[in-house]
Amino acid sequence: MSERPKFDPLRAPVACVKGVGKSFADGLARLGIFRAFDLLFFFPRDYEEIFLKRTVDELVEGEVQSVVGTIEDYGTRRTRVGLLTTLFLAVGTSRVKAIWFKVDYMTRNFRVGRRLMLTGSPRKKDGLWEFHHPSLNYFDDPSSPEEQNNPETVDLELDDLRVAPIYRLTDGITSYRMRLFIKNALVHLPDLIPEALPKELIEKRDLAPIADAIRKIHFPKTLDEAQYARKRFVYQELLVLQLALAICRTRRRVNMKALVLPRSAKIDSRIRSLFPFELTESQINAIREISEDLGKSTPMNRLLQGDVGSGKTVVAIYAALQAVANGAQAVLMAPTEVLARQHLRTLQNYLRNSSVKIVPLFGGQKASERAQILEEIRDGSAQIIVGTQALVCNEIEFNRLGLVVIDEQHKFGVKQRATLKSSPDLEPHYLVMTATPIPRSLTMTLFGDLDVSVMRSLPPGRRKTTTSVLTPENRASWWQFVRDRLNEGRQAYVITARVDDGSGSDEQFIWEGRELNKLENDGTFSSDFDFWNNWAGPEKERDLNRTLRRDSDAPSDDQEKNTDENVSKLKTVWSVYKELSEGELKGYRLGLVHGRMTASEKEEIMLDFRSGAIQVLIATSVVEVGVDVPNATIMTIENAERFGLAQLHQLRGRVSRGKHPGFCAVAPTEFETETPVANEPADAPRRKKRKNAKSKNENESEEARAENKRRAESLARLEFFAQTTDGFELAEKDFSLRGPGELFGARQHGAASFRIADLTRDRAILDDACEDARALVGADPGLADPEHQALRRQVLVKYGRELDLGDVG
Ligand code: ADP
Ligand code: MG
């Protein structure tokens, strides 16, 4: 007798769940639901609170209430004031009436006999209760009205359903269906899931046990209950990440060895003598922390955060020279070639009278040149290696690699850091630097395995950039001011959000330039950073979900936010160039740089700008990162609301780098309030049509109000920016307003790395999870305890490859 494999109902194909069957399995698969347990973890994206559900007799005037009933009759007719839609709903033995003015989109879902719920504030007229523009909630499936008699249908219309879950949907899976499937799955399955969290944590943090949490997150009795269930999953998700980071951290401390590169008084004074200025307090502190780390046999992993212009390069050079003084090699990496070449120049300048050998390693080098450099790195004659990430590749063999410095780290994650090796059994020390001030909760998430140094003060004499918001009224005087400064010999930037009228912004080219695109393709970039950079933030994600939603029951409440019209008002580098060269800046020497140029094209323009041959550089945010041209003191940022605050701060940082005061003007996009049809451009017919379609919509005024609100908000944000000079304060604000995605200035794509956690909202839970993870790993570094097995498995599944945790335990 052969033994049959044990049937695991959790892992069974989703088609086995009651009600799903073959016919709906495909639809669910499109939502990523393949097995029974996927249904359990397909959490609602939102909830709808069902207000007081009443019988007709219980209704009172002027309160939001709901009634459930069956459609008896409906119709739409044209009246003097526009369309009038009427619906009669049988509720128990009575009936109520619902009416809508000027909209009829919802009638497509009406069918006599359908069961639905109306929610609104009714009025009694001629003995009949009337709901004006109530919201609708269907309790049956439009595709099969005969289902009314199906016991399953009744099953869902629970009398005690007070909070209805709202799910992401797809063609063929209505919200009724989804609720039904999940309801059915909830009957037995949750009790089969093993609890992954240790009992003491559940108690300590007051979390819902797994089965309870799953039931309550889908069908809570109250929104508070949903919140309570959600907290458990948020905690678990963050705990798993924090465990992974804690393991990395511990393992490095315990197992990995690095070259010991101490500093002596002699080394210190020799290095300091190279700099033409006194180090700032912040620089001295950061250098002390780094120097101490370098002197240990545990590899350093330190993040240096310093506001724009705080002088991080000097700190990096100091660290590199400390390594060189100990006979080791140092690598200095930058995200773009423009920036890498700038570092090369700075280094060569400081070290012009020394014998330290610096070699550049860039993308476009000739094969013979590159071969020669690689040889010098191998035989150890190259002491400092400067380049872009292109130099992170396996063919590089170091002689005695002691330190790797990564400047302007935004994109490269833990894995990236782990790529360079000193030798099979030695790790280099790592120093990563960023000018994007990162709120602490994010630092913990993104760099939880790093130590952090913060530089808050700027070099002396550095004046803060004076910032103002440009309005149509003060534009002319601003450009006069710009001309005055240019005439005094200063230089200026003008920043735009877009390269051209084509699709996409320049954003995706900002960090990488072409050389990085290549890297990205060979997989070396898959890291936690990609998640962060690619995540548009919770707000955006919600929008995305809404667009994904194909709910035949849902009214078209998600009209596109006239994106096309807005985009067409964005200035491009080309339009600004044309406008300025023929207008306000006629006769001045203008140049143009954007992310779609090749590295050498960009470098050529930057050289001309540096030398003064170009007075005004019109650019996309490619200049954001680290570019240092002290004579450039004025910046105009067009369509400024398109940028995150941290990004604006980065940009502004470009013009306060020298002895002259810096000035920045942020110009919000000038939206016309009402587009006059007469001077519509060539695509007028299309637009006009859309306008008409919209004006049929009752929501028009609501939309206009929402649009005005958005504009007022972005204006307020720009005002806040103009008044705030502290990068950390801006970062916190940005983070709380717009989520982590914005902070990193990237808004394409939609993938979120967290299924449920939202760092803007869940910071307190993150703190708890971090504390617990460290304690747990401290007590049980390999998560070997039987009670930790489930967590260990989750850590490995989610982060094992990314963080190279293969040998945990
Ligand atoms: P960031 O931190 O933004 O990378 P940089 O390292 O590019 O800043 O430094 C900004 C400018 O400040 C550079 O021109 C640099 O020469 C100058 N600088 C750095 N440290 C000092 C200092 N201690 N005193 C005066 N100027 C300094
Ligand atoms: Mg810098």
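Biologist: Which residues gather in a patch of negative charge on the surface?

Modeller: Glu200, Glu203, Asp785 and Glu787 do. A patch takes residues with over 30% relative accessible area and no salt bridge, joining like charges within 9 Å and nonpolar side chains (Val, Leu, Ile, Met, Phe, Trp, Tyr) within 5 Å. Keep in mind that this is a predicted model: local features need pLDDT of at least 70, side-chain atom pairs count only at pLDDT 80 or more, and totals for chains, interfaces and linings use all residues. Residues are numbered from 1 along each chain as its sequence is written, and side-chain values use heavy atoms, with hydrogens and water left out.

Biologist: Where is Glu200 found, and is Glu200 buried or exposed?

Modeller: Glu200 is in helix α5, residues 199-204. Glu200 counts as exposed because its relative accessibility is 56%; the cut-offs are under 20% for buried, over 50% for exposed, and partly exposed in between, with a 1.4 Å probe and protein chains only. Helices here are DSSP runs of H or I with at least four residues, and strands are runs of E with at least two.

Biologist: OK, salt bridges. How many does the count come to?

Modeller: The count comes to 26 salt bridges, each being a side-chain nitrogen of Lys or Arg within 4 Å of a carboxyl oxygen of Asp or Glu. One of them pairs Arg205 with Glu771, where the closest N and O atoms are 3.6 Å apart. That pair links distant parts of the chain, 566 residues apart: Arg205 is in the loop between α5 and α6 (210-218), while Glu771 is in helix α27 (residues 763-779).

Biologist: And which residues are linked with Arg205 in a network of salt bridges?

Modeller: Lys204, Asp768, Glu771 and Asp772 are linked with Arg205 in that network. Arg205 is buried at 14% relative accessibility, and Glu771 is partly exposed at 49%.

Biologist: What about Asp293, which side chain does it meet in a salt bridge?

Modeller: Arg302, at 2.8 Å from N to O. Asp293 is buried at 8%, and Arg302 is buried with a relative accessible area of 9%.

Biologist: Switching topic: how many disulfides does the structure hold?

Modeller: It holds 0 disulfides, taking a disulfide as a pair of cysteine sulfur atoms within 2.5 Å. Cys16 is exposed at 51%, whereas Cys248 is buried at 6%.

Biologist: Last one: how many residues of helix α23 are buried?

Modeller: In α23 (residues 645-652), 8 of its 8 residues are buried, including Leu645, His649 and Arg652.

Notes
Chains lettered and ligands numbered in written order. Areas by Shrake-Rupley, 256 points an atom, 1.4 Å probe, with all protein chains shown as cover. Lys, Arg positive; Asp, Glu negative; His and termini not counted. Charge placed at Lys NZ, Arg CZ, Asp CG, Glu CD.
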